[in-house]
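Please examine the sequence and the structure before reading on.

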Amino acid sequence: MDDQNKNLILATALSFLVILVWFVLFPPPEPEIPAEVTASSDLIPESPVASAPTAAAPAGETATATTADTGADAVSDAPRVPVSTNRIEGSISLLGGRIDDLSLRDYRVSLDDDAEIVKMLSPVGTENAYYALYGWAAGAGLNPTSVPGPNTLWELAEGDTLSADAPVTLTWDNGAGLTFQRQIAVDDDYLFTITQSVTNTGDATVSMAPYGILARHGEPTDLMNFFILHEGVVAMADGELTETDWSDMPDFAFSEREGARAETTQVAENGWIGFTDHYWMSTLIPAPGSAFKSVAKYDDRRDIYQAEVVLPTQTLAPGATVSAQSSLFAGAKEWEAIRTYQSAGVDRFIDSIDWGWFFFLTKPIFWLLHELNLLIGNMGWAIIGLTLIIKAILFPLAYKSYVSMAKMKELQPQMEKLKEEAGEDRQKMQQGMMELYKREKVNPAAGCLPILLQIPIFFSLYKVIFVTIELRHAPFFGPFQDLSAPDPTSIMNFFGLFPFAGPEPGSLMALVFIGILPLLLGISMWLQQKLNPAPTDPTQQMIFAWMPWVFMFMLGGFASGLVVYWIANNTITFTQQYIIMRSQGYTPDVFGNIKGSFKRKPGPDSE
């Protein structure tokens, strides 16, 4: 590889990694945490549900729902129905039939022994209230008080505790000829099934539209705010995925029809909408094949974010009963569970996980990593196994590259002779080089292929490790109990041998006083360089000499799993390159190159 090609690929690789590290060291500024909401303002918007689709409403009519404000005291005083399965626990408030208290038994907020389990949903009156509501939007022949809303006090008709094999049924009679019923069921994972029905015992025909709402009071305070991760609204509408960041929702245009800043989408057949966090998600899912209106909404009066689905208006004659069924996903973004729901008919639900632009790489990489983890039982060894497989797939290209590099070493004397003959005539030297490459059938750019291929693979694996919950708190061995977090060891306390703690993970001190894995990374890169003599050009020699140690500190704050991959990749690359170059008649003088790197270089005035 000539000097220009070396400089080009080096600049490309370094630029890519510098951009990544820049965002690690200087992430976007944290948003201001909204002031604590008072009991008087911590309320449901006055019009939280938009009109039902116009095409479904009777001519000249618009089906709307107006909900009364519900204070925190009323919610806290309302009776509740316990929720308990192997994976979740919580309760449902009979005031509005709210699903507003949900925790995940399988996940804790930290690795501490006394850490609390993760809280998913929380009722009005708590910090950053987060809950799901269902109801009916009043249409022709009805006023808003004739249909159940957030302030409706339901009665528990059947069941006492919601569990995976025991649904509960709520009822409410409006006293004017309409009887409403809501059955709530839950499966073994995170999917609730809500069946709403209404019977008309009156003597007038009425119309109404069923709806579902996810409401979040204020922007979440635990946002990652990292460019590689989407947090906010995620929606699917007839095969088209839409992702809207929290910061973009206040910029929605104000909609008179919705009564707030909103974006609406008419879905013809299949879709869903909800909120996604780093590892958790809540999603409203109408029955597959159903038309509905999807709404992302921000009420700036009360700082409430909402995701809504409004199903078509239904006309109910005297003596008739209508019903509507939909689902609510509220839980961890587990690939296995989400894939199961997609197989059951939830269109492209697996795309609710943020696979990014390189989805064609991140999806298969995660699938392979997931299967290896199931087979081996340890995510750290699964990452090493993944590295072996990737290197095996890329081996044909690597083989050609290393063979070309070995041949380039054999041509070194002839290249030096050309340089002497050309002198300062760079054009003559380049022409001579090209003739030499052509005559000896050597591709000088072939050595760049492994580096170029590693860049998208590295980025995709970084995405997988950062985004997927399967890597959260995934142990390797010893002190490495969370491969999604940086190396917890540190030179400061000599990797735990001294009786004091190391620097706080993520701090500047932690980036300086690095741990075991970054050190191994630097050493593995340094050894890989020693397969070849140092470049003769002083500038390149200096860059190559510093590169392993710069990368060591740059990647020291990255997830441990990513550093494990890079160490394994360097080790395998070293082995492959050494064996292949020897098979081509060129034996790398590794120890000689190492000794040479410690020799004192003569200064410019030395004789």
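The sections below describe salt bridges and surface patches in this predicted model.

## Salt bridges between strands

Side chains of opposite charge can pair when their charged atoms come close. In the whole structure, 17 salt bridges are found.

One of them joins the side chains of Glu308 and Lys297, with 3.0 Å from N to O. Glu308 belongs to strand 18 and Lys297 to strand 17, so this pair ties together parts that are 11 residues apart in sequence. Glu308 is buried, at a relative accessible area of 0%, and Lys297 is buried as well, at 1%. The side chain of Glu308 also makes a polar contact of 2.6 Å with the side chain of Gln306. Gln306 lies in strand 18 and is buried, because its relative accessible area of 1% is under 20%.

Lys463 is in helix 9 and Asp354 in the loop between helix 3 and helix 4, so the pair connects parts that are 109 residues apart in sequence. Both are buried: Lys463 has a relative accessible area of 6% and Asp354 one of 9%.

## Surface patches

A nonpolar patch on the surface consists of Ile516, Leu520, Ile523 and Leu527, which together have about 280 Å² of accessible area. Ile516 is part of helix 11 and is partly exposed.

Glu243, Asp245, Asp248, Asp251 and Glu263 form a negative surface patch. Within this group, Asp245 lies in strand 12 and is partly exposed, with a relative accessible area of 32%.

Conventions:
Residues are numbered from 1 along each chain as its sequence is written. This is a predicted model: local features need pLDDT of at least 70, side-chain atom pairs count only at pLDDT 80 or more; totals for chains, interfaces and linings use all residues. Side-chain values use heavy atoms; hydrogens and water are left out. Patches are made of residues with over 30% relative accessible area and no salt bridge: like charges are joined within 9 Å, nonpolar side chains (Val, Leu, Ile, Met, Phe, Trp, Tyr) within 5 Å. Accessible areas come from the Shrake-Rupley method with a 1.4 Å probe; for residues, only the protein chains shown count as cover. A salt bridge is a side-chain nitrogen of Lys or Arg within 4 Å of a carboxyl oxygen of Asp or Glu. Helices (H or I, at least four residues) and strands (E, at least two) are DSSP runs, numbered from the N terminus. Buried means under 20% relative accessible area, exposed over 50%, partly exposed in between (1.4 Å probe, protein chains only). Lys and Arg count as positive and Asp and Glu as negative; His and the chain ends are not counted. The place of a charge is taken as NZ of Lys, CZ of Arg, CG of Asp or CD of Glu. A polar contact is a pair of N or O atoms within 3.5 Å; within protein, one must be able to donate a hydrogen and the other to accept it, and residues adjacent in sequence count only if both atoms are side-chain atoms.
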